Amino acid sequence: MTGPDRSTPVLAVDGLSVRFRMRGGRHIAAVSDATFALRSGECLALVGESGCGKSVLASALLGLLPGNAETAGTAHLAGPADAAPVELLTADERVLSRAIRGRRVGLVPQTPSAHLTPVRTVRAQLEETVRELAGVRRPELRRAAREAADRAAFPADHLDRYPHQLSGGLAQRAATALALVGDAALLLADEPTTGLDRDLVDRTVDALRRHISPAPVHQATPPHQDQAPAATSPAAPSPAATPATEPADTEHRARALLMITHDLVAAECIADRVAVMYAGHIVEIADARDFFGDPGPRHPYARRLLDALPERSFTPIPGMPPELGDLPAGCAFAPRCDQATERCAALPALLDDVACHPAPPRAQHPAAWPQRPTAAAPRAAEPRTDEAHHA
Ligand code: SF4
């Protein structure tokens, strides 16, 4: 693959909005006016609570929205040099299925054991994918599938196992191997650490990081120490069933990674930049070191998100997110915000990478944050219904 021009974003999203038409003429605004860019060799972590719209955004980029979805804005996927740019939101299904998904956008799924075909071995699935995406034919197919497994550190002696015979970590590696076959310039990882214990989370983010950052070619894998569970066991996270060695990548190319996650600890481990989503809106975009370190987030919701971590002050955010089908006219975080004022009755725009009326300019953060206001915040929103969880 010829690499993309690194001065040009691999993915440029501008004003992306998704809303769903519901029965009775109602609409659910799952994503509103999302704007960000992502360059080769960079990881952007899109974070936020469940139901905030981040997975809907990923589905929009992959052309996998249901029929009642309406989109606006643009999502521009750059070439490599030998391929034309593609506008993802308006590309037809034929283009998306034949030229984009798997080839130019690799998907690392949320639940790899469900993503893999249960009645076919990992080898069979890799061989089919290599044949379809890379055009490799027998007798080279077996070797090419083995190399594809190596790139994700999937052990060769587990290739003839079925998905239900794999641990959670190995299923994740098998799914990652499939995502890497097409040599896509953009990887999209949707909650890749869900259901994994902390040790597996660390290994998964390490592996993903290696696939986006250029590194020298290096040689083969030391013997792995994987022990998959018994064939009758369900796939489950297990540190003992996880490779303890470095992967055997035969080469590294710079890729861009959009990682969608509610796991802030994983995001801190892997991200170069962080985009925080709340009620369908991106409310802050920040350098990951500033966000997780000093001076910290600028948006009150983002600060509360970090404060809720057990590793920090373990203070839950009061109240509940609003229903996406019944968003207020102003700032959707106002009912939960200890900085809310009358100004917050108007929707704040994302300016200087933060959507909050009183947030100080980046250069004055955090010293210039105003004292807690005396004005009463608006009433707390009602708890969400199941419908709002659609996002
Ligand atoms: S705009 Fe107002 S309510 Fe919204 S986060 Fe900022 S201070 Fe809080």
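1. A residue counts as buried here if 20 or more other C-beta atoms lie within 10 Å of its own. Keep that cut-off in mind for Ala279: it has 26 C-beta neighbours inside 10 Å, so it is classed as buried. Bear in mind too that this is a predicted model.

2. Staying with Ala279, you'll find this residue in the loop between S9 and S10. Its phi is near 50°, which is positive even though the residue isn't a glycine. As a rule, most residues other than glycine have a negative phi.

3. S7 deserves a look of its own. Is this strand mostly covered or mostly open? Mostly covered: five of its five residues are buried. Leu186, Leu188 and Asp190 point one way, while Leu187 and Ala189 point the other.

4. S6 and S7 run parallel and share four bridges, with Val105 paired to Leu186 of S7. S7 and S8 are also parallel, over five bridges, and Asp190 stands opposite Ile260 in S8.

5. On to the core. The largest nonpolar core has 106 residues, and those touching the most other members are Ala45, Ala174, Leu186, Leu258, Met259, Ile270 and Val276. H6 supplies the largest share of this core, with eight residues. Leaving out residues up to four places away in sequence, Ala45 touches Met259, Thr261, Ala267, Ile270, Ala271 and Val274. In soluble globular proteins generally, nonpolar side chains tend to be buried together.

6. Helix H5 (residues 141–151) has several buried positions: Ala144, Ala145, Glu147, Ala148, Ala149 and Arg151. The cover over them includes helix H4 (122–134) and helix H6 (168–180). Both ends of the neighbourhood are worth checking. Pro139, in the loop between H4 and H5, is joined to Arg138 by a cis peptide bond with omega about 10°. Just after H5, Ala153 takes a positive phi of about 60°.

7. There is another cis peptide bond from Asp294 to Pro295, with omega near 20°. Pro295 lies in the loop between helix H9 (288–292) and helix H10 (300–307).

8. Which residues are closest to the ligand? They are Cys331, Cys337, Gln339, Cys344 and Cys356, out of 14 that surround it. By class, that shell has 11 nonpolar, three polar and no charged residues. Asp353, found in the segment after H10, has a positive phi of about 70° without being a glycine. With 18 C-beta neighbours inside 10 Å, Asp353 counts as partly exposed.

Notes
Residues are numbered from 1 along each chain as its sequence is written. This is a predicted model: local features need pLDDT of at least 70, side-chain atom pairs count only at pLDDT 80 or more; totals for chains, interfaces and linings use all residues. A residue is buried if 20 or more other C-beta atoms lie within 10 Å of its own, exposed if 12 or fewer, and partly exposed in between; C-beta atoms are placed from the backbone. Helices (H or I, at least four residues) and strands (E, at least two) are DSSP runs, numbered from the N terminus. Two residues are in contact if their C-beta atoms, placed from the backbone, lie within 7 Å. A nonpolar core is a set of buried Ala, Val, Leu, Ile, Met, Phe, Trp, Tyr and Cys residues joined through C-beta atoms within 7 Å. A residue is near a molecule or strand if its C-beta atom, placed from the backbone, lies within 6 Å of it. Ala, Val, Leu, Ile, Met, Phe, Trp, Tyr, Cys and Pro count as nonpolar, Asp, Glu, Lys and Arg as charged, and the others, Gly among them, as polar. Two strands pair if DSSP finds at least two bridges between them.
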